[in-house]
Amino acid sequence: MRKFILNSTLLIVSTIFYLIVLEFGVRFIMPHYDPSGHINFMLNRDGVPISMRKGSFRQIKNTGDYNVLININSHGLREQKLLEESTSNDYFVVGDSFSFGWGVEEEERFSNILDGLLLNSKVFNISIPTDFDGYRKLISYAKKNGATINKLIVGVTMENDIQNYNDRVEGGPERVLAPLDKLNLLWIKSFLHKNSASYFLLTSVIQQTPKLRDLLQNLGLIEDNLKVVKNLTYNKERIKQSAIRLKSISSKIKTLVLLIPSRGLWVGNRKNKKIADQLHKSFISEIKKLNIDYIDLRGMMESFGNPMNLHFKHDGHWTKEAHKIAADELAKTILLGYKQYNNLKK
């Protein structure tokens, strides 16, 4: 028994030692897998969602879909222009990870492309992965840091932004940034993903080995990202209250909403597609009642054939081609005027 305990202890100590050596070896030899150099988010003291740190970081998908540079300014935002230099003629973009430019280089996201298309206005981006409540806080935060916001573009992600906002406690943590409170597989995977370079390397190898990835997906250890579409339940009250919350964000600012369609319109079974379609159309109906100007990208994306080709293969976010489409539609709307543009499309 004593020998068994001794051997077991030696095995455990040796395993821990080799794991530590492996971890630091990966960080030294392949620093791009070091999670300390990846982008992460937090809530500041005022509950505003921002980047955890300032400076330059990598945003890497372990499936190989993207590996891009993220530059974060002194305010914790992905915007290189100085907020205090903005004028009443400039536009501000606020939204979640899509508007943030998840997976694309800064110059490839729609706000930066739009900035080049509008000759008499600059476009500032204050987006962070969050939701309507976070958008409101980001606008106030930008203003406190010198921004002049008279013209606003709100990127509304139909998969994430339609929620039961009335059930929340004011001032509470945002959903995206709230920590998991249970020690389960999801919590363990999230912890390792944020803290272990060797885990990131291992998952990258798995994700980029089709047969191994398919096996683990069948075992339920890996989720097929393109099949994980949220909010595929129709709730009329939730849609109505989300539209009202959206209106409150921009009550005193000239606002144009960019509707980012749910992948649920194009993937999944017929029932789920019908729900996504109903949700999409109902939300448009509600924001029309509130006189909110909007651009619906659904038709434009569908006109390109398979809209899923405008998303990364193993990630739900937009490719640079989708950002280009969004920027072009925004530019046409702004330059022609909202009503003229919609009459032109008819």
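Okay, one term before we start: when I say two residues are in contact, I mean they have heavy atoms within 4.5 Å of each other. And keep in mind that what you're looking at is a predicted model.

So, let's go to glycine 155. Which residues does glycine 155 touch, if we skip its neighbours within four places in sequence? The list is Val94, Gly95, Asp96, Ser99, Tyr135, Asp161, Leu258 and Ile260. Aspartate 131 is another one to find on screen: it's 24 residues away from glycine 155 along the chain, and their C-alpha atoms are 9.9 Å apart.

Now, where does glycine 155 sit? You'll find it in strand β7, which covers residues 151-157.

The rest of the strand goes along with that: seven of the seven residues in β7 are buried. In a regular strand, side chains alternate between the two faces of the sheet. Here, one side of β7 has Lys151, Ile153, Gly155 and Thr157, the other has Leu152, Val154 and Val156, and both faces are covered.

What about the strands that pair with β7? There's β5, residues 91-94, running parallel to β7 and joined to it by four bridges. If you want a spot to look at, phenylalanine 92 is opposite leucine 152 of β7. Then there's β8, residues 254-260, also paired with β7 in the parallel sense, this time over seven bridges. Over there, look for valine 156, which stands opposite leucine 259 in β8.

Methods. Residues numbered from 1 in each chain as written. Predicted model: local features only at pLDDT ≥ 70, side-chain atom pairs only at ≥ 80, totals over all residues. Heavy atoms only, no water. Helix = DSSP H or I, 4+ residues; strand = E, 2+ residues; numbered from the N terminus. Buried < 20%, exposed > 50% of the residue type's maximum accessible area, 1.4 Å probe, protein only. Pairing = 2+ DSSP bridges.
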